[in-house]
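These are notes for a colleague who is opening this entry for the first time. Please keep the sequence and the structure in view while reading the points.

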Amino acid sequence: MWISPEEVALKNALKLWVTDRSNDYFLLQHRRGHGDTGGKITGLLVGALDTVLDSNARVAPFRIVLHVPGSQVSWVIASGATVEEVQRHWRWLDQNLLPYMAVFENKEDAASFVLGKVKGLIAEEVLGGQAAREDDPARFREDLARFEQRFGLPQREKLVTHYSCCCWKGRVPRQGSLYLTTNHIAFYSFLLGKEVKLLVPWAEVTRLERVSVGLLTDVIRVHTRRKQRDFSMFLNVDEVMMVMCQLADIALRRLLDSGGLTLDQSLQDSTNITKRVLEEQALRQYVLSLFGLPRAERLQEVMSCSVWTPHARCHTPGTVYTTDGYLCFSSREEGQCTLIIPLTEILSIEKAESTSALPNPVIISVRCKRAFQLIELLHRDELVEKVRHRLRDLHWKQNLISGHDLRKKSSVLLSALGLTISRLIRQSQSDAQNKTSVRCFCLLQNTEHVRERLWDEHFTEFGRGVHMFRTDKIRKLVALGIPESLRGELWLNFSDACSSLAAHPSYYTDLLERCRGESSIATEEIERDLHRSLPEHPAFQSETGISALRRVLTAYAFRNPAIGYCQSMNILASVMLLYTKEEEAFWLLVTVCERMLPDYFNRRVIGAQVDQSVFEELIRERLPELSERVPDLSPLASASLTWFLTLFVSVLPFRSALCVLDCFFYHGIRAIFQISLAVLDANTAELSSCSDDGHALMILTSFLEQLRHEEEAHVCAEDAGSSHRLNITTLITDAHEKFSAVSVKHVEMLRSRQRVQVLQAHEDSTKDNALRLVTPDVSLSPGDLSELYDLFKTEHFISLYWGDGVSSSSASPAPPAAAGGCVERYVVDRAQFKSLYELLTPWSCGTHTDTVAQRAFTLLDQDRDGLVTFSQFTHMLDLLYCEELNEKIRLLYRLHIPPGSENTRLLQDRHTQTGKITYIYISPYLHCASPVNVLI
């Protein structure tokens with residue numbers, strides 16, 4: 001192939017290359033030692049050197065060199081794996097370029113002419129291939145040629161990137177190349193005449209981790225179900241780990257039953273996946289998690305800048321991120337200063353005069369009569385123009401909506417509910433006053449007023465609304481607990497649910513109208529759980545509160561049928577209804593389920609399980625003393641599942657749980673990780689001495705029940721055991737101070753890594769269920785069934801890798817259900833069945849095997865959907881290998897009549913025996929004809 005011209009010193013190159021043909025300008029050479037037989041030392045050493053240096057000569061031992069007479073520098077312009085390939089290029093040069101080079105008086109001009117032509121040829125070839133989307137198409141094209149030559153996979157196998165590294169076998173390292181594709185990990189090495197090829201499908205990877213092996217601290221260990229492989233000596237191990245985790249995650253979501261996990265639109269077509277796309281996707285995921293933005297937001301611009309922070313009287317350096325609907329800022333130190341501005345709040349964005357003190361300033365004006373100043377924007381004009389364009393589109397849509405659909409306020413319904421719940425809250429406070437002393441209740445009221453005054457001062461200095469500056473000061477105020485009068489407003493602002501509410505003015509009321517009278521499994525589950533939602537709270541001891549909760553949960557189940565209803569949603573929604581109106585509570589629930597806790601409430605709560613694995617990893621990282629004393633941390637991580645699903649509402653006293661919710665709406669899931677770690681840290685000594693898991697659970701439960709808000713501590717001061725009760729504010733403060741290193745970026749990295757392990761655990765469960773259903777009906781051994789399942793699944797995956805696979809798109813039919821109602825995940829079509837049949841059948845019929853396979857498929861495909869399930873295939877093999885001869889002959893007979901065959905030659909002679917029919921058939925596969933008694 002033509003390669004990007006590369007300078008070589010011809011004098012040194014002659015030591016490793018041998019010239020076969022030459023003319024005035026070109027040399028055709030082969031690699032020294034290539035083709036040597038008998039293991040000559042020259043070929044072995046040169047081959048090993050090429051592998052260690054990652055030289056193209058190992059794959060392409062032939063090349064063409066452009067040489068200018070009298071010059072010490074030449075250019076390699078073509079290479080080939082075979083002499084025929086490189087001779088074809090030689091003939092093209094001889095016929096199309098060499099005759100015209102004589103017209104150049106200057107030899108350097110002739111060389112420039114050739115180099116330009118070669119680059120043009122490369123550009124034409126790149127245009128229609130995989131390399132067209134890469135940052136360096138010419139280099140990637142060469143890497144792709146090596147990969148295809150070494151592994152011989154179909155062209156639809158999309159190479160993403162490759163790295164030079166070592167693969168360890170025991171204590172022996174082998175230097176080579178690691179190729180990462182959309183479906184496989186591939187490693188190639190050639191040292192001293194020994195060639196090593198490894199090809200591992202992502203579908204077989206069960207875990208990816210960074211470990212230390214001896215003196216090597218940055219080793220990537222790839223676990224499969226059968227063995228593990230260690231790779232090291234990477235230039236950038238973080239980058240390699242990120243790419244491997246992303247590719248494994250994408251492949252498993254695409255191939256396995258991901259339990260409701262969705263794959264981003266840009267990643268659904270594997271041919272579009274490149275290293276740059278993966279980097280952009282990782283950055284987008286980080287930005288969405290950092291700012292809590294909707295999952296559908298697309299990242300647009302990322303620029304370094306500084307923002308004027310009035311409270312600090314200075315410019316704070318950081319990065320500005322713009323998406324379809326937001327402009328966000330984060331300081332260099334994550335969490336120091338954060339700013340979220342929905343585009344719906346922006347009135348204008350203007351460029352100000354640039355000065356030496358304020359270079360490239362931009363002024364952003366928002367609706368609340370505030371303005372934000374950004375400076376040091378290198379591409380200011382581009383940013384301003386693109387944001388203005390999105391603002392024009394947004395304002396046009398808003399005007400269109402307001403012109404056709406005036407906001408419908410269900411004032412009677414929603415306002416009445418708000419008044420009723422407020423009255424119930426006041427009633428519960430009055431009851432508390434009657435039960436406690438007047439002095440304690442006054443103390444509560446005074447504390448509430450103090451907090452309200454602190455927040456008012458904060459609003460004056462930092463702003464009020466979604467776009468307030470989020471700094472360390474506001475974090476401390478949130479840790480103290482948000483005042484009752486401000487809690488609903490701040491939850492809506494911190495989570496940005498208020499933007500969704502404003503963007504969809506009549507959505508909730510219309511949704512209620514559409515789902516009125518509808519019944520489903522979700523509504524039945526909702527009815528069962530309604531009276532289990534904060535049953536001790538007065539607001540949900542009346543039909544008013546229960547009805548509001550029913551409407552919110554039913555509306556969400558109707559909005560998102562993929563989730564429907566999941567336990568713990570009722571608990572969260574009931575708490576939201578206490579502090580917000582009904583429509584606001586609905587949008588808060590939408591924000592929590594779809595933005596703040598993505599994938600938590602799907603069919604298999606995959607998101608929650610992933611975070612349990614992340615939590616277990618964080619325990620090992622941040623609590624080494626506990627992890628050393630308790631080697632198996634899985635019970636502790638499992639015990640915390642309720643903490644994450646209900647955000648501690650079901651395990652903490654109510655007022656303490658509200659403080660945790662305050663932190664969650666401000667920090668996101670990061671706060672739950674930090675608080676959970678703080679709970680374990682506070683109980684390290686007790687947990688280390690536990691005798692069993694039940695004892696550990698009792699310790700944690702008792703500890704959480706004693707956590708009180710400081711106001712409750714004052715109210716309960718007369719209680720006998722009050723001195724031993726702990727303060728939730730202290731716990732939250734300690735959690736942030738001790739575990740501040742648990743950043744959003746770190747959590748996202750661990751999630752990407754642990755998701756692979758969780759999905760594979762579900763795949764193991766799927767396999768166990770499939771084998772459990774099949775085992776009672778067959779005589780094959782469990783080991784044979786397990787291997788047969790893996791082989792059947794691999795055949796299914798091959799169609800998804802390179803074919804039009806039976807399940808490769810969302811439009812494909814749902815897999816059929818096996819006996820017992822269990823849906824079978826893996827199926828094969830006719831061509832895949834034929835491949836498996838020829839590999840496994842004991843009925844080898846020579847040239848007629850194909851016909852028998854086709855008829856067997858038709859016989860098994862009872863529902864005529866062109867697919868055969870694992871259970872159907874297993875029963876057929878069991879009959880062929882384990883059943884009596886009579887049953888085998890019965891199957892052979894059925895292959896000769898419809899539906900197995902429409903053209904079978906049968907001679908039928910009925911006898912008088914009861915239940916017996918004598919068939920005289922002439923089989924095209926058996927060279928005999930005889931009557932056979934078959935029980936029908």
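1. A definition comes first: Ala, Val, Leu, Ile, Met, Phe, Trp, Tyr, Cys and Pro count as nonpolar, Asp, Glu, Lys and Arg as charged, and the others, Gly among them, as polar. By that division, the lining of the second largest cavity has ten nonpolar residues, no polar ones and no charged ones. The model discussed here is a predicted one.

2. On the second largest cavity itself: the space in it comes to about 50 Å³. Its lining consists of Tyr837, Trp843, Val852, Ala856, Leu859, Leu860, Met876, Leu880, Leu891 and Leu895. Two elements, helix 32 (849–860) and helix 33 (870–882), each give two or more residues to this lining. Helix 32 gives the most, with four residues.

3. The structure has four cavities of 30 Å³ or more. The largest cavity holds about 70 Å³ of space. Around the largest cavity lie Arg475, Ala479, Cys663, His667, Ala671, Gln674, Ile675, Ile732, Ala735 and His736. Two or more lining residues come from each of helix 11 (472–480), helix 23 (654–667), helix 24 (669–682) and helix 28 (728–738). How many nonpolar, polar and charged residues does the lining of the largest cavity have? The lining has six nonpolar, three polar and one charged.

4. Helix 11 deserves a separate look. Ile474, Arg475, Leu477, Val478 and Ala479 are buried in this helix. Arg475 and Ala479 also belong to the lining of the largest cavity. After helix 11 comes Gly481, with a positive phi near 105°.

5. Leu677 is a residue of helix 24. Is Leu677 buried or exposed? Leu677 counts as buried because its relative accessibility is 0%, the cut-off for buried being under 20%. Leaving aside residues up to four places away in sequence, Leu677 touches Phe615, Leu618, Ile619, Arg622, Leu623, Phe739 and Val742. Between Leu677 and Glu616 there are 9.8 Å in space, C-alpha to C-alpha, and the two are 61 residues apart in sequence.

6. Helix 12 (residues 484–495) packs with helix 18 (residues 582–596) at an angle of about 35°, and their axes are 11 Å apart. The two helices make a left-handed crossing. Helix 12 brings Trp491, Leu492 and Ser495 to the contact, and helix 18 brings Glu584, Leu588, Thr591, Arg595 and Met596. By class, the contact of helix 12 with helix 18 has four nonpolar, two polar and two charged residues.

7. Backbone angles call for two remarks. Most residues other than glycine have a negative phi. Met233, a residue other than glycine, has a positive phi near 65°. Met233 sits in the loop between strand 12 (228–232) and helix 6 (237–255). Met233 counts as exposed because its relative accessibility is 52%, and exposed means over 50%.

8. Glu376 is not a glycine either, yet its phi is positive, about 60°. Where is Glu376? Glu376 is in the loop between strand 19 (371–375) and helix 8 (380–404). With a relative accessible area of 39%, Glu376 is partly exposed.

Conventions: Residues numbered from 1 in each chain as written. Predicted model: local features only at pLDDT ≥ 70, side-chain atom pairs only at ≥ 80, totals over all residues. Heavy atoms only, no water. 1 Å grid on protein atoms, 1.4 Å probe; cavity = no way out; pocket = protein on both sides within 12 Å on 5 of 7 lines; lining within 4 Å. Points joined across faces, edges and corners; volume = space filled by probe spheres on them. Axes fitted to C-alpha atoms, helices over the stretch in contact; angles between N-to-C directions. Left-handed = near helix turned anticlockwise from the far one by under 90°. Contact = heavy atoms within 4.5 Å. Buried < 20%, exposed > 50% of the residue type's maximum accessible area, 1.4 Å probe, protein only.
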